[in-house]
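Hi,

Here is the structure I promised to pass on.

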Amino acid sequence: MRKPRWIAAFTMLAVIALLIPVLPGVLPRTEPKAPETAPHSVAKEQKLKLTALQNDMSATSALMAAETRQDLNRLIQANDGIMNGTGVKDLMEHHPHLAYIEWSTHQEDIKQGYIPKDHKRLIAKYVSEAKQKSGNGMEYESPAVESSDGNRYIVISIPGTSDQQYIVTVLNANIVKSVERHQKQNLRIIPYPAEGKFHVESVQPNTTKDITVQSGEDNGNASHYYIRDVIVHFSGPVTPEELNRIKADIHAQSADRIGQIGHAYVFRSDQLETKQLMHYFKTKWNPKYVEPHYLYLTNQEDLGNASAPIVPNDVLYSRHQWNLPSIEAEKGWQLSKGDEGVIIAVLDTGVESSHPDLRGRLVPGVNIVSANAAPEDDVGHGTHVAGIIGASVNNNEGVAGVSWYNKIMPVKVLDGSGAGSAYSVAQGIIWAVDHGAKVINMSLGNYAQADFLHDAVKYAYERDVVLIAASGNDNTERPGYPAAYPEVFAVAATTSTKQKASFSNFGNYIDVAAPGDQIASTYPGKQYAALSGTSMASPHVAALAGLIRSLNPQLTNTEVMEIMRASSIDLGNTGKDKYYGYGEIDVNSALQATTNYSGALQTYPQQVKRRLERIKAHTP
């Protein structure tokens, strides 16, 4: 009997895939190209980033005002319009950024807190205007005012249920200033980290050639490392006597070993710098590799069709969360809302465990930066990322996460400046794997390809963990790591109009894209902020991986990744391209594919094609 033509062709393709690795001359030699930047001048790109920054600040202010009005309305409704001093006190305790509340009728007043002072007495003036407006049945919101002590405040008021009744509040709006500082770093508008901080040196990627970073734009061609650290992976075991000799030779301040990665150590000298340390180990000890201790930074810019989409009742969802309907999450939730047994680790700056939208959503985590401390967030980045993944859904509070039920594991690998070492990131990966994480999100990166970190990535990948990483915010084609490691699923950022976000890095290593522009999520201080960056795109994909693994726990990590690629909505040029990868994720399509999944054969053609592409890309 004659075989169908497609079976013969597919068999030939599979044979070719098996033969190519042992036939180095088969594929044509391709010369590596220098990394490109998407066509914007430096001035235009800076302007676009400043626009993104201003949009994030404006959106954060709008989130804060909307949440405050909702809280004031709840206070009135909960008490049937009857003034309640206990309710006012509880609201202020729940939201410490509320400095003053006055609930008034023509008969009595309840006042709690204080009206901050400013040099022009504008805050007191705005409080008086608010009383007049809301006493006459209108809502009120003042411009921002800086107080005498340097804090930022706005005044908001709403009318009550009866004539001349109102509630006015003065709220601390420092979150907008915090977002400004955060996003100037996250979008690389300013040099980050500062030259000399923590004895850090900026260098050309994968070299120790010093360069000076003078502007945020320079970050796109820079990596950073600790100038008196080195990472060494020895070829075999190191005896205690040998280790003591090394310590004496290099004047070691510390020597830390990660046992799960062979015979790897991080050495810190109090006298020698990295170049000297690398020379010493290369000439004296012949290790598998020796490299600088790189610094990693935050990267923040049809069953389902048959049922009605699920629209959550979260207060800020309908007006401010364009991102979830855009990726068809509302339809996808008909198929999977996640499972508490599938844990998603967030390697970041920590997570605010007391945030009302994250209570009950976390499992115990770890603080790699400060071993005896809880993995609390002292930056804001990690809390925002965690909220995108799993802020409580349908709780009539704040925002909704992509996943309803997947638990989040906070792994603090970045310090209070938003930076962390290769050692801390590698430790975080290993700890998360050893403690049950099935998906790991890494909204961080560097342009240096560190073998030490790659070993940790391979440790996770070989244990069936799905690793997701942000591509970076420098609008460059230069590969960023860990996103560009072959075991990691790399994510670019899109806007609400499904265009490439102006800051998003790109390249052939990009797997998919996801929303990363003005993303509303949780923020420290029990508040909410809108941030932009590939840091915000990556957790959308991590959450999708969690939903897929919840729906079909038998899938391997490679199968999960292939489903996300195959189900994405093609954007840009037809087929895979360097700006969007295979396209923007589609939660509903991915979960439909998961429901209908029948085994590895379904994605085998795509796997063979990708293997051919990787072989071609790495053929000298």
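Let's start with a helix pair: helix 13 (residues 422-434) and helix 14 (residues 451-461) pack with their axes 9 Å apart, at an angle of about 10°. That angle makes helix 13 roughly parallel to helix 14, a label used for angles under 35 degrees. The axes here are lines fitted to C-alpha atoms over the stretch in contact, and angles run from 0 to 180 degrees between N-to-C directions. Helices are DSSP runs (H or I, at least four residues), strands are E runs of at least two, and both are numbered from the N terminus. On the helix 13 side, A422, Y423, V425, A426, I429, I430, V433 and D434 do the touching, and they meet F452, L453, A456, V457, Y459 and A460 in helix 14. Contact means heavy atoms within 4.5 Å.

Before you go further, note that this is a predicted model: local features need pLDDT of at least 70, side-chain atom pairs count only at pLDDT 80 or more, and totals for chains, interfaces and linings use all residues. Residues are numbered from 1 along each chain as its sequence is written, and side-chain values use heavy atoms, with hydrogens and water left out.

The overall picture: the protein chain has 18 helices and 22 strands. Of its 620 residues, 57% count as buried, meaning under 20% relative accessible area with a 1.4 Å probe and protein chains only (exposed is over 50%, partly exposed is in between). The chain exposes about 25,500 Å², and carbon and sulfur atoms supply 50% of that; the areas come from the Shrake-Rupley method with a 1.4 Å probe.

An unreviewed UniProt entry carries the annotation "active site" on D348, H381 and S535. They are spread over 188 residues of sequence but cluster in space, with a largest C-alpha distance of 10.0 Å. Bear in mind that such annotations may be inferred rather than shown by experiment. H381 is in helix 12, and S535 is in helix 15. The side chain of H381 makes polar contacts with those of D348 (2.6 Å) and S535 (2.8 Å). A polar contact is a pair of N or O atoms within 3.5 Å; within protein, one must be able to donate a hydrogen and the other to accept it, and residues adjacent in sequence count only if both atoms are side-chain atoms. H381 counts as buried because its relative accessibility is 0%, and S535 is buried at 0% too. Helix 12 (residues 381-390) is mostly covered, with 10 of its 10 residues buried.

S532 sits in the loop between strand 22 (527-531) and helix 15 (534-551). With a relative accessible area of 0%, S532 is buried. Its side chain has a polar contact of 3.3 Å with the side chain of D517, and a polar atom of the S532 side chain lies 2.8 Å from the backbone nitrogen of Q518.

D249 is partly exposed, because its relative accessible area is 38%. Leaving aside residues up to four places away in sequence, D249 touches L272 and Y280. The side chains of D249 and Y280 make a polar contact of 2.7 Å; these two residues are 31 apart along the chain, and their C-alpha atoms are separated by 8.9 Å.

Cheers

Notes: Parallel < 35°, antiparallel > 145°, perpendicular 65-115°, else oblique.
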